Amino acid sequence: MDTAIAKPDFFAGAIHAKTVFRALRNRTLTAICISLSFLTLVPLFSIVFLVVKNGLPLISWDLFTQLPPAPGVAGGGFSNAIIGTGVMVGIALLLAVPLGILSAIYINEYAPASRLSGAVRFVAKMLTGIPSIICGVFAFAVVVMATGKFAFLSGFSAFAGGVALSVLILPTILLTAEQALMGVPKAYREASYGLGGTNFQTIWKIVLPEAVPAIMTGIMLAVARAAGETAPVLFTALFSYYKVKSIMEPTASLSVLIYNFSTLPYKHQIQMAWAASLVLVVLVTITNVLAQIVFRKKN
Amino acid sequence: MSGTTASNEKKEIARYRSVPDLFRVLCWVASVLTVVILAWIGYEIFSQAWPAIKKFGLNFITGTAWTPGRQVFGVLPFLIGTAASSVIALLIAFPLGISIAIFLSEDFLPVSIRQAIRFVVELLASIPSVVYGLWGIFVVVPLVQQYGTILSKYLGFIPLFEGPAFGNSLLTASIVLALMVLPTITAISRNAFVSTPATLREGAYALGATRWEAILGVIFPAAAPGVVAATILAFGRAMGETMAVAMLIGNSPRLTWSLLSPSGTLAGLLANQFAEADGMQINALMYAALLLVILTLGVNMLGEVVLRYTQKRTAGIN
Amino acid sequence: MKKIASTLVVLAALTVSGQLASAETTLQGAGASFPAPFYQRWAQDFNKQHPDIQINYQSNGSGAGVKQFTQGLVDFGASDAAITDEEIAKVPKGAVMIPATAGSIVLAYNLPGVSELKLSRAVYAGIFLGTITKWNDPQIVKSNPGVKLPDLGIKVCSRADGSGTTFVFTKHLSAISPEFKEKVGTDKAVSWPTGMSGKGNDGVTALVQQNPGAIGYVEYGYAQNNKLPMASLENKSGKFVKPTLESGTATLASVQLPANLRIWPEDPAGAEDYPIATFTWLLLYKTYDNADKLKALKEFITYGLTAGQATAPSLGYIPLPKEVVSKCQAALDSIK
């Protein structure tokens with residue numbers, strides 16, 4: 001390293017060269033770093049571009065009101081897939097939101113240091129790492145095979161798909177709810193107790209309302225994720241070309257529609273897959289952006 | 001008079017106390033249910049896998065043939081495919097992810113551009129797997145087909161590039177997989193870079209280091225555990241990824257060394273065969289699912305432990 | 001809270017309405033992708049005439065079809081591999097199989113510039129065995145004088161799912177090649193020595209479409225409707241036969257249906273016979289508890305066996321010979 005002591009002149013050239021080299025290396029690395037960063041823009045732009053280019057021409061009122069066409073047939077839409085996705089995400093929320101929030105309340109408010117709380121946190125962390133297809137395998141074993149035994153119910157159902165999705169989003173909701181509750185200042189709780197509030201009143205009237213925006217953020221992120229998942233729904237809800245009439249029947253979903261149609265050799269069906277991708281990506285992006293807005297608003 | 005108010009008060013307090021107790025019980029039940037769910041998943045998979053475990057034992061893991069018709073089940077090709085696709089995906093994603101993480105934590109360019117790139121990476125993370133698969137079919141498959149054929153022509157003597165070059169191959173799946181795990185590496189690494197203490201950075205500059213000497217010589221080593229955690233977690237994610245890989249990898253149950261040949265992963269095996277398996281095949285698939293769960297959970301636990309360690313470490317320095 | 005309550009109400013309404021709306025009869029079927037376009041067209045045309053009967057057919061492969069039929073998860077199954085006696089024994093309500101249509105299995109290929117391709121028996125068995133790996137292999141060149149075959153690797157496309165098409169194709173290959181029979185064998189899902197796999201007949205068609213140098217086995221209609229060239233195959237009498245309606249019909253004409261209506265022409269001997277053609281079966285229970293469903297089912301199948309057969313050629317299927325239709329009708333009548 002250079003020091004303050006004056007060096008004899010014959011070192012000056014070497015030092016100068018080394019400095020130039022270091023500056024050059026610095027510039028080069030910066031250039032590489034920036035270009036690699038922009039490189040990632042390329043695939044994203046490609047995806048967005050193709051989704052819009054191939055999917056947009058098909059967007060019409062028909063697309064949202066009609067049923068999927070048989071392979072090789074033109075026209076049609078995916079109204080049942082949109083409803084199906086909505087129904088299954090709805091079922092997943094119905095199951096996972098109460099479970100997640102109540103568990104988060106327990107581990108954060110009632111007994112943060114208990115063994116049960118430790119176990120819940122561990123389980124939540126483990127569940128985040130579970131491949132989504134395992135959720136489908138679980139729902140298949142537990143719901144499809146069980147309900148299939150009753151004559152008037154068919155095993156493959158939107159309900160089974162919803163159960164698989166609920167297992168998928170439970171850890172997200174639980175962990176973000178816990179974070180949200182932790183984010184409520186201790187002072188609020190202490191003030192409430194100081195005024196004679198019980199645990200229940202404190203939680204229900206003070207802590208929860210404060211935590212709601214962050215919890216909503218978590219729920220919206222979970223919704224965005226669940227709507228786009230295919231593996232959990234693939235062999236639980238299967239697919240259907242007909243209207244959604246009951247939650248105990250095979251049901252269409254946007255993600256399975258994309259999966260099924262993308263491997264078909266028919267141009268129209270492939271284009272429908274792009275259109276469904278467009279709808280899905282727009283839905284997911286809007287939900288994510290909304291979630292961010294809600295989160296920022298609170299802060 | 002005092003008697004009635006006193007007893008009224010007592011009733012009030014009694015009622016007052018019972019309601020919140022119920023709520024606590026409710027929350028307790030929810031917590032127990034949450035724990036039960038994981039146990040239940042483990043139980044279901046394990047109990048369904050047990051007949052296969054008993055019958056095939058460790059030969060299942062080392063066997064190379066998967067022929068349901070002849071009741072021969074071996075998942076080595078799928079294990080290797082899972083590992084290979086994840087490793088290659090990481091090899092591609094790591095330099096990209098680290099570059100972006102460094103870019104986002106330094107001020108090469110104005111904040112607005114950094115925000116834009118950050119937004120782009122988050123967008124990449126939110127695109128559903130099946131859309132990646134669809135894009136992969138029409139963009140990456142033809143590219144790999146085209147350039148792979150050229151590659152196998154000139155470098156085909158190396159087993160890695162042996163032809164014929166399939167579009168639906170290990171390489172294609174790995175490329176798309178890299179895109180999918182990129183946001184994970186970026187986000188966690190960026191956090192690691194940003195939370196290195198300012199004192200370290202300032203000290204390096206004070207000693208006359210250029211920006212990159214500071215980054216590579218000081219900040220990177222300090223953030224290394226975080227980067228390692230990011231890589232491990234991304235690896236776990238890659239192993240569990242199902243749809244995009246199943247749509248792009250060619251679904252071949254054969255062992256192959258070539259990047260340009262079709263391959264298979266555990267998750268893809270499940271996705272393809274589960275709906276119509278019967279008898280021992282279901283048990284074999286459950287055994288494969290068990291292996292997948294062990295692999296991904298193991299890797300994720302490791303990643304979490306390293307992450308926890310890095311957080312403790314940086315907290316300590318500050 | 002309000003949101004949860006209203007969601008509950010909506011779901012309840014959906015479920016209830018589902019049960020109330022049973023003025024409509026829905027039949028659930030699942031199985032082979034081989035005849036799927038035909039069945040789906042049937043269902044649509046039939047629905048136009050009988051708006052209160054809806055037929056929902058899932059094309060998820062013969063393997064899944066047989067499995068779901070055995071487990072009672074569907075009202076009818078479909079399979080080109082019909083159903084074996086062991087599988088029938090597992091069905092508590094008993095099973096009846098009825099050939100609903102027929103088709104040829106063709107070898108579709110993707111070779112830019114090559115519109116006519118002749119494959120001898122040894123060659124096409126060798127391709128699927130993985131012993132012949134290049135398009136300009138001398139054996140292929142020998143059968144195709146004057147055709148410029150490129151120095152390209154052969155990419156075999158097969159089925160990833162349990163498939164009746166695979167069953168019939170491997171049955172034929174096992175009949176013409178003892179090496180194939182020993183190494184690979186006959187089944188709905190086999191371990192192919194080479195190549196890549198896709199789901200369903202349509203998945204394989206898409207793979208062949210997208211990969212230059214690819215060859216795959218699919219039902220005639222899929223290749224026809226996607227403009228994929230099909231190879232002419234050498235039959236038992238040594239002639240190279242193109243897959244057409246006539247050659248397929250010739251193959252099936254000589255087939256004698258046994259009492260249980262299950263048979264495959266493994267290696268037809270006629271001079272004009274296309275080597276690989278098969279019936280495909282609808283799997284029905286011997287008894288149905290729901291009288292409405294039974295009536296709807298019988299009407300649907302009767303329609304398919306009579307008026308429906310007219311649409312077969314346009315979609316790429318072979319109309320059933322008259323004797324077969326009467327046997328099917330008899331089998332259908334035996335269902336209570």
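In this predicted model, the contact between chain B and chain C draws on 26 residues of chain B and 31 residues of chain C. The two chains bury about 2,000 Å² between them, and carbon and sulfur atoms give 45% of that area. On the side of chain B that touches chain C, three elements each supply at least two residues: β1 (66-67), α5 (129-155) and α10 (266-273) of chain B. Sorted by class, that side of chain B holds 12 nonpolar, 10 polar and four charged residues.

Chain B itself can be taken next. Its secondary structure consists of 11 helices and two strands. Read from the N terminus, the order of elements in chain B is α-α-β-β-α-α-α-α-α-α-α-α-α. For the 318 residues of chain B the globule rule gives 20 Å, but the radius of gyration is 26 Å, well over that value, so chain B is more spread out than a compact globule. The C-alpha trace of chain B spans about 105 × 70 × 35 Å along its principal axes. Of the 318 residues in chain B, 56% count as buried. Among the contacts in chain B that join residues at least 6 apart in sequence, 76% are between residues at least 24 apart.

Chain B also touches chain A. This contact takes 75 residues from chain A and 76 residues from chain B. Together, chain A and chain B bury about 6,700 Å², with 82% of the area on carbon and sulfur atoms. Between chain A and chain B there are 11 residue pairs in polar contact, both residues of each pair being at pLDDT 80 or more. On the side of chain A that touches chain B, helix α1 (residues 9-39) of chain A gives the most, with 11 residues. By class, this side of chain A is made up of 53 nonpolar, 19 polar and three charged residues.

The count of salt bridges between chain A and chain B is two. One salt bridge joins E213(B) to R25(A), with the closest N and O atoms 2.9 Å apart. E213(B) and R25(A) also belong to a network of salt bridges that takes in R22(A).

Side chains of opposite charge can pair when their charged atoms come close. Over all chains, the count comes to 21 salt bridges. Within chain B, R237(B) forms one with E241(B), where the closest N and O atoms are 3.8 Å apart. How exposed are the two partners? R237(B) counts as partly exposed because its relative accessibility is 35%, between the limits of 20% and 50%. E241(B), with a relative accessible area of 11%, is buried, since buried means under 20%.

Two further salt bridges lie in chain C. The side chains of D161(C) and R159(C) meet at 3.0 Å, N to O, and both of these residues are buried. The side chains of K239(C) and E272(C) also form a salt bridge, at 3.0 Å from N to O. K239(C) lies in the loop between β9 (232-234) and β10 (240-241) of chain C, and E272(C) in the loop between α11 (245-253) and β11 (277-285) of chain C, so this pair ties together parts that are 33 residues apart in sequence. K239(C) is partly exposed, at 39% relative accessibility, and E272(C) is partly exposed as well, with a relative accessible area of 46%.

Helix α9 (residues 200-210) of chain C is mostly covered, with nine of its 11 residues buried. The buried residues of α9(C) include G200(C), N201(C), D202(C), G203(C) and V204(C), and T205(C), A206(C), L207(C) and V208(C) are buried too. What do the buried residues of α9(C) pack against? Their partners in chain C include the strands β4 (95-109), β6 (155-159), β7 (196-198) and β8 (214-219). The helices α7 (164-176) and α10 (220-225) of chain C are packed against as well.

Key. Residues numbered from 1 in each chain as written. Chains lettered and ligands numbered in written order. Heavy atoms only, no water. Contact = heavy atoms within 4.5 Å. Buried area = accessible area lost by both parts, 1.4 Å probe. Helix = DSSP H or I, 4+ residues; strand = E, 2+ residues; numbered from the N terminus. Nonpolar A, V, L, I, M, F, W, Y, C, P; charged D, E, K, R; others polar. Rg over C-alpha atoms; globule rule 2.2 N^0.38 Å. Buried < 20%, exposed > 50% of the residue type's maximum accessible area, 1.4 Å probe, protein only. Salt bridge = Lys/Arg side-chain N within 4 Å of Asp/Glu carboxyl O. Polar contact = N/O pair within 3.5 Å; in protein donor to acceptor, adjacent residues only side chain to side chain.
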